[in-house]
2 protein chains.
Amino acid sequence: MAERDEGTLGMLMDDLILVSVDDHVVEPPDMFKNHTPAKWRDQMPKSIKGPAGNDVWVFEGNQIPNIGLNAVAGRPPEDYNMDVTSYDQIRRGTYDIHQRVRDMNVNGVLGSMCFPSFPQFTGQLFSRTQDKELGLAALRAYNDWHIDEWCGSYPGRFIPLALPPIWDPELMAAEVRRIAAKGVHAITFSEDPTRLKYPSLHSEHWDPFYKACVENNVVICLHIGSSSYIPTYEDAPFDVTITMTPMNLFETAANLIWSPVLKRFPTIQFALSEGGIGWLPYFLERIDYVYERHRFWTHQDFGDELPSQRARKHFTFCFIDDKYGIEARKHIGVDNITWECDYPHSDSAWPTAPEAVMKHFDDSVTDSEINKMTHLNAMRIFNYDPFKHIPRDQATVGALRASASDVTTSGIY
Amino acid sequence: MAERDEGTLGMLMDDLILVSVDDHVVEPPDMFKNHTPAKWRDQMPKSIKGPAGNDVWVFEGNQIPNIGLNAVAGRPPEDYNMDVTSYDQIRRGTYDIHQRVRDMNVNGVLGSMCFPSFPQFTGQLFSRTQDKELGLAALRAYNDWHIDEWCGSYPGRFIPLALPPIWDPELMAAEVRRIAAKGVHAITFSEDPTRLKYPSLHSEHWDPFYKACVENNVVICLHIGSSSYIPTYEDAPFDVTITMTPMNLFETAANLIWSPVLKRFPTIQFALSEGGIGWLPYFLERIDYVYERHRFWTHQDFGDELPSQRARKHFTFCFIDDKYGIEARKHIGVDNITWECDYPHSDSAWPTAPEAVMKHFDDSVTDSEINKMTHLNAMRIFNYDPFKHIPRDQATVGALRASASDVTTSGIY
């Protein structure tokens, strides 16, 4: 448990500095143009117009649904389930980097880590290629576009996040080294690889990947849905699925805390992306309880630590809107909590994320705690220093919003 | 949210009154003797000795594992996974009603609701019979034994709990009426009938059963594992499964809160048995969040209520050892929290349950809150009045323990 925080009280919303560790990019149609070796130019995924004006990706002769088109930013909630099929029906900030930064500004958000859309959270698309050389070329082109073009266009505004070639742990390790050399400290992986027909998180199969991440200070980001699994139930209202999805990461955390992986790699780092934080006081108490009652026959051994302490060493959590989790922050660990915006998905409060997060910071939350949860933890965990590029006084909600007074926040822009 | 409680502070452990809404009975070998119609006498399940001295149940020619034999009360934790195969290796209080009451006394427990062992939590065994008339006869014999003999031997000490014939909703309704006429107000059901190859909890298929429960003030008790499903993971340490099992009921609660069942039966009552409570502040906040953000397109409508308020009307929760849940009780609803001992399973603190529960009641918990959580809520919810039979001053931890000073608490007794 962190020491009682000595920070002062009374921060204003305009003085917040917001770094979001989970947003989403809808890949623009021309994303492969500048990043493809000549050899593969004709085989890269292509965004094409279908007969009904719909946009789809085509890769190895297959049409791939453009799942990014479910972006709802700018749309009223009544329309969240409308059948969107083309770029011209979604907000430009979802796929256009210049408009994205303007949408961040109007929302007071300084920094953002963007998860992929059409390749799926851990690049499942590339792993399904018939020609694995092509798969690797496309994945590398994707990473280069993401790092150099998407994030690179606005230094200090993004935490780059790479995709791994999950079909080969040695290639994964090589990609970790390659992206780390470009200054990247985050890579996605699957919350449950068995659902993708790979060995489990526990398996030594992944050790080359884990080892490369540890050696290069790369955090493994496990996003809900990165197992291509969303809980669905026979004839249940869809609200059940929405309610349940964060529990994917409860399950992932339960697997990892008892896993030999943490023993083989004592400094490995996992971020549980879009999992929320309100369940963590229970989870952390539960793992200590299981340890105290059952270790005698399950033969777990955490030395002079408790599982909850170990969890705080290895896991980072993030919240969008967890009033209760913030209230219970001392049971979670204030140093382990980061914030996310989830732009442009339907759980996002964009363009009023500052208002949404501020309402959880009552008088008991000190400025120092607020700063940790809104940006300092994310900066430490992901080796991210926006202030090298942007003076602190231009990085606040108030300053960013002042720079974006011309941005229209309803509609597709 | 309940009003701020005005109760006084400073209750002593010996003054607690403990009613456990989740314990387990290991059915004794002679349980069918007094409760079987002559017609079926030869066909009832029989407990027999195998060649290696092991005890098994035989029914319709099949051997049924005696799962109750995993009872660990009295055994040291190092032996929790030992392969126990016969009655003479387990504590007598697990299957002998007289010794059971002595084990309750030495543990300071006044009242107990006992879930079944070999027929499984919702009588799955009886539903698998070839001859469904035989299945129904055995189920009714089981209920009669449980109500009249097990619970009936010690008036005021047990909350009787019936099993339903899940293969036929009309028979379920008839059994609800039959057991209600015997004064029973609790029946088990499955946390997820689809895993048992039946229609989901949402289905109108179950309406006759639901209707009978509502009309007869019978609470539907959903125990973890009552879907015959325990979460297991490829090559994961078993600790993962232990950590995850309460989440079965998170899933059940998520299904029920959005279910048309609550709309069809506005007074129906569910008890989530052995689910713990520490996850509820998050769950209740999550369902309100899902409602506020998504109801415009999922078309949920709770009128002038929030889902969290509705949940408190329909659901009862229970805890064994949830320090955090007790601290967060006002976020859960103090009137919805009951206590359980889980004797004789490995999560039970027997014979030191009073010490285990008392350590969660710090100075902020009022006597009135303690009394609600330890017994008053259970009495209200299950229409159970032990004080008709036992004076209040003889019902406390101190009084019960004083009556059991001769009970040996280690070993099989």
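## Two chains and the surface between them

Chain B can be laid on chain A by a turn of 180 degrees and a shift of 0.0 Å along the axis, with an RMSD of 0.0 Å (a least-squares superposition on the C-alpha atoms of residues with pLDDT of at least 70 in both copies). The two copies are thus related as by a two-fold rotation axis. The same surface serves both copies, since 100% of the contact residues of chain B recur in chain A. This is a predicted model, in which local features need pLDDT of at least 70 and side-chain atom pairs count only at pLDDT 80 or more, while totals for chains, interfaces and linings use all residues. Residues are numbered from 1 along each chain as its sequence is written, chains are lettered from A and ligands numbered from 1 in the order in which they are written, and side-chain values use heavy atoms, with hydrogens and water left out.

**The interface**

- In chain B, 60 residues are in contact with 60 residues of chain A (contact means heavy atoms within 4.5 Å).
- About 5,300 Å² is buried between chain B and chain A, 59% of it on carbon and sulfur atoms (buried area is the accessible area, with a 1.4 Å probe, that two parts lose on being put together, summed over both).
- Tyr282(B), Trp297(B) and Tyr324(B) supply 14% of the area that chain B buries against chain A, more than any other three residues.
- Between the chains, 29 residue pairs are in polar contact, both residues being at pLDDT 80 or more (a polar contact is a pair of N or O atoms within 3.5 Å; within protein, one must be able to donate a hydrogen and the other to accept it, and residues adjacent in sequence count only if both atoms are side-chain atoms).

**Helices of chain B**

- Helix 6 (238–244), helix 7 (247–257), helix 9 and helix 11 (323–327) of chain B each give two or more residues to the side that touches chain A (helices are DSSP runs of H or I, at least four residues, and strands are runs of E, at least two, numbered from the N terminus).
- Helix 9 of chain B gives the most to that side, with 13 residues.
- In helix 7 of chain B, 11 of the 11 residues are buried, so this helix is largely enclosed by the rest of the structure (buried means under 20% relative accessible area, exposed over 50%, partly exposed in between, with a 1.4 Å probe and protein chains only).

**Gln300(B)**

- Gln300(B) lies in the loop between helix 9 (280–298) and helix 10 (307–314) of chain B, and it is buried, with a relative accessible area of 9%.
- The side chain of Gln300(B) makes a polar contact with the side chain of Asp239(A) (3.0 Å) and reaches the backbone oxygen of Trp258(B) at 3.3 Å.

**Lys323(B)**

- Lys323(B) is in helix 11 of chain B and counts as partly exposed, at 48% relative accessibility.
- Not counting residues up to four places away in sequence, Lys323(B) touches Glu285(A) and His360(B).

**Ser348(A)**

- Ser348(A) is placed in the loop between strand 10 (337–339) and helix 13 (353–358) of chain A, and it is buried, with a relative accessible area of 5%.
- The side chain of Ser348(A) reaches the backbone nitrogen of Trp350(A) at 3.0 Å.
- Leaving aside neighbours within four places in sequence, Ser348(A) is in contact with residues including Arg293(B).
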